[in-house]
Amino acid sequence: MKQVIIGSGAAGIAAAKTIRNINKNNDITIVSSDESIYSRCMLHKYTGHERDQTSLSFVPNDFFTTNNITWYPGESVLSIDTKNNHIQLQNKTLPYDNLLIATGSEAVIPNIGQLKTATNVYGYRHLTDAKTIREKAPNVKKILIVGAGLVGLDVAYALLKLKKPVIIVEMAPQILSLNIDSTAAAVYQKLFEQNGCTFRLNSKITNTQSNQNGEITHITLETGENIACDMVIVAAGVRPSTKLLEGSGIEYDRAIKVDPYLKTSCANVYAAGSVTGLGEIWQSAVKQGETAAKNMCNIKTQFTDTFTAKNTLNFFDLPTLSVGNINPESDDTVHIQTIPNSYKKIIIRNNIVTGIILQGNLNYSGIWQYLIKNKIDVSQLKKSLWSISFADFYGIDPDGQYKYDCPAANQK
Amino acid sequence: MTEYNGCVTCKSADKVLEKFIAQLPMETSHQRVESQKLKCGFGLQGVCCRLCANGPCRITPNSPRGVCGATSDVMVVRNFLRAVAAGSGCYIHVVENVARHLKNTAQAKGPLKGLQTLDRLCEMIGIAGADSYEKAIKVADAVLADLYKPDFEKMQLVQKLAYAPRYQTWQKLGILPGGAKSEVFKGVVKTSTNLSSDPVDMLVDCLRLGISTGLYGLLLTNLLNDVLLGEPKIRMAPVGLRVIDPEYINIMITGHQHVLFAHLQEQLVQPEIVKLANAAGAKGFRLVGCTCVGQELQLRGVHYTGLFEGHAGNNYASEAILATGAIDVVLSEFNCTLPGIEPICDTLNIKQICIDNVAKKANAEMKQFSFEEKARISTEIINETIEAYKTRRPKTTLNLLKEHGNDNTLTGVSEVTLKEFLGGNWSPLIDLIVSGQIKGVAAVVGCSNLTAGGYDVLTVELTKELIAKDIIVLTAGCSSGGIENCGLMTPQAAELAGPKLKAICQKLGIPPVLNFGPCLAIGRLETVAVELAKALNIDLPQLPLVLSAPQWLEEQALADGAFGLALGLPLHLGLPPFITGSKVAVKVLTEDMKQLTGGQVIINADAKESANILEQIIMDKRKALKI
Amino acid sequence: MSQIQRIMIDHTKCNGCKSCSLACMQAHRQDSGSLYDLDLTDGTNESRNSIQTDANGVYFPLFCRHCDDPQCVSACMSGAMTKNPENKLVQYDGKQCAACFMCVMNCPFGIIKPDNPTKTYVIKCDFCAKDKNGPNCVRACPNKAIYIEEVV
């Protein structure tokens, strides 16, 4: 059976690995526009000279040979023919029995001023972006980053390590507004500022100014303030990469539409990873890739782990974890613990933990995702929230694997 | 039948005994080492605190302080001072009993067997009296008066008993002890919940307790014992389980207080008492030596021929001694009387009697010794012993070990007899040291344990290493019991010594390891050291002399060790005394102490390495003395 | 079907002595020495296991299970955390780790943690891979609350 995968990110690689584990004889092919395997989450480590291209890889060097996978690196898929079951590359037509689309997402560049057209504006999604920025960084004097989310701060962190002055423009009143609350954000903001970063919060870009080379020299804020810069990095969100679907008959709007088995509207065509819009996080992509792969091998499997409201951050060796809904509503109870080098916030609604932020001390914190995701009642524990551990739910299978032993009534 | 844990016993330096114990149908300490081999790391490092209801608190990188805020230093040193205070208390209990016994005996005009020692004591502490009884009473009173002083009143005899340069050092450091019992009391108070949290201050207290322990608990106890029980005489004696003769009614004695047996041992040789034994079918009564009090009798054995059979073994031989089946009664008055003998006594119907309730055994009949009622108590003990013999022997199968030990262990060595042996003065020994024929002196003292390599393994191995380096070894304590059963105190052991020491030993017909007897005799070793230092006109820390308690076991040993440090001597220990969790304690004891008293603690569990370290220290001291 | 070894747990035998934790620290210490001189005030000595109590004070040994479906592995974006297909152990490569701590968040049992002093790597059971005698924690347990078993 010919299993063809488009994309060599988390979902594509996980799918290939899963197919190979299930079936030794399937003919597996990966086509990727990327020329190497790399972890998107580590791009900033390349920009910051912490890692070279090899150490960006999240699979062993011999991954393709040991798993007997054919790989077409640096190849764009021109079209997908779902009627005849093949995809068209530049110089090649690849037939498939099953096709997996795991093309991920693209950075969104807003249509403001010359952002879309200027020659010194970059997204931060691909190794090519990271490479270009790393090459140009020694010669730029002032870098402006649009967006103070995770990606914006990642690249800022890398550039600060290179002693580059960075200014970040953010529409929200705080940094990392999607991930953490203002208290935890303020701690990071201070650390970034101490390391040479400037922030313009509550700020909207309304225009840009460019020179004769088509390079942006200033951006203009809503307030009328002009900020000089000679490089702009846009980290203002992503959009599923759906370009190659045109004319394929595969249904999509913003993202590809998939059923619970991650099958698209076309027979034998599956999708996994952020292109499905089911989650823009690494583990979700991996799990989607694994699920799609099982279905491609006729092992009927639903994708169930749709919980993606979770993230960890680690800047300046200060780690933070956030899970669930971190914005309390009026009826919620909020528990806060602040001790030196540690900030903890737990949000409770109807005896159930709905969100948590831990900053500084992440010890033994894995349980929180389980408790939040599974809506476990913690009110009956007769124990401080701060000392909850797996011991409170301890269960063990005969084969020695742990399981949660929660009274049924506690599971809502 | 007692359940026992397979036949896994700990290793032993005493191979004959090791084999015997492994085949015993009952469990002994040697088997239990296996089931207790997993040690709690917090305990090993001394960083577990149970001083309050918030505990036990333990130090980890994630919990660097106890609930109360105590650091690892506080926990460790507090535990350590408690242990030293308890150990000191044990020795002070012994000297108190001996002094009281001396006074009672003198008041009753009872037998005083060591009049030379009495005169020596009187001279040391400046006492005159019309006759021996008056002198003895005055000596005893002087000792007791000091013991009972409050902690804020310095003891009067310290200056008279201590070597002058040491006294000056102690005075300078402010560690002259108050009343010995009060010092123990103070140690207990200081280390109670949320009192002292100054680790250095508490370590200073350990030194103070060391001085009161050493001068009173050790030095004076020996001398007072010699007055009452007779002075040691050098002789050859049999040692090991071979000394047990089943044709006699056998009483195994354990403890540290020889005086409590003084009356009984007189009675046991009275013809009418022997006749009672004969009537029961035995040839008479015999005392079988075990633990330090056995060493006491061995040391003074010349006075008890026909009664004392010999020293069978130290504390961790006691279970094997009982397992021979030929012991009828265990008569105990102090440590090291292991609780583990109780089930063996049950199994073999051995009667247990305690004569000092500080060491009351669960199975034992309590017959608290009292001077006034000693006649009645002795009679009762004799009657019960005969009864025990009669009822148990017919139903007991003997399991003797005649091949254990040897017949020619040199014993009776003391500060007096050694000097006499050398011709009345120390110069022959000093000449040998100065000329390098003997490189130096190592006092291998203290207890026996089962964990520093096994039963007496480190003690015996270290001793062998030291004598092979031409370092003469003097011993006191349960270490003596192990070393003698392994044959190192026979003249033949000269073969194991380095060429120079071997030649000397062969010429004089002595072993390279000289046995001063019980742990109390550490006090005699101190006298030898002082006399050598006096003759050389130097202070103790300058002597090419090292102290080692390779297999220290008990809190008493820690108090002894504190005395060694106060004397300014290098003190080697095989296993750390639960202090390594404290950087302060380790630094003060192993480094800073050199500047304070001149002493230092060396911790090493390897015999070869330890011997090399001790040899190097001796060589450094020789170099400093330009010899 | 391959067999794997797992540290089995009988929590009823645990009395919270933490010998397993000390053994783990000792087995993974950077310097050399004995249990006597393991520096318990040095934060770099961390245990991969822990003992926690429930509200009734009952002890529960919390040890990495090297799960059949390890969440820490699927969450790992650097390739540092992998499931070894041969011995089924979940292995951690500190050099490859990017310290994102997604594994910490995704371990449902809260076993994995960032290192305390630097927060630059994770503390994770390696089954004492370098020790031919196997996991030191198991040998240190005086109560046999943890023991090795082959799991089919």
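**Exercise 1.** How many residues of chain C are in contact with how many residues of chain B?

*Solution.* This is a predicted model, in which local features need pLDDT of at least 70 and side-chain atom pairs count only at pLDDT 80 or more, while totals for chains, interfaces and linings use all residues. Residues are numbered from 1 along each chain as its sequence is written, and chains are lettered from A, with ligands numbered from 1, in the order in which they are written. Two residues are in contact if their C-beta atoms, placed from the backbone, lie within 7 Å. On this basis, 17 residues of chain C touch 16 residues of chain B.

**Exercise 2.** Describe how the domains of chain C meet.

*Solution.* Begin with the bounds, which come from an automatic or database domain assignment: domain 1 of chain C covers 1-63 + 129-152, and domain 2 of chain C covers 67-124. Their contact takes eight residues from domain 1 of chain C and nine residues from domain 2 of chain C. The C-alpha centres of these two domains lie 18 Å apart.

**Exercise 3.** Work out which elements of domain 2 of chain B face domain 3 of chain B.

*Solution.* Chain B is divided into domain 1 (72-229), domain 2 (241-395) and domain 3 (409-624).
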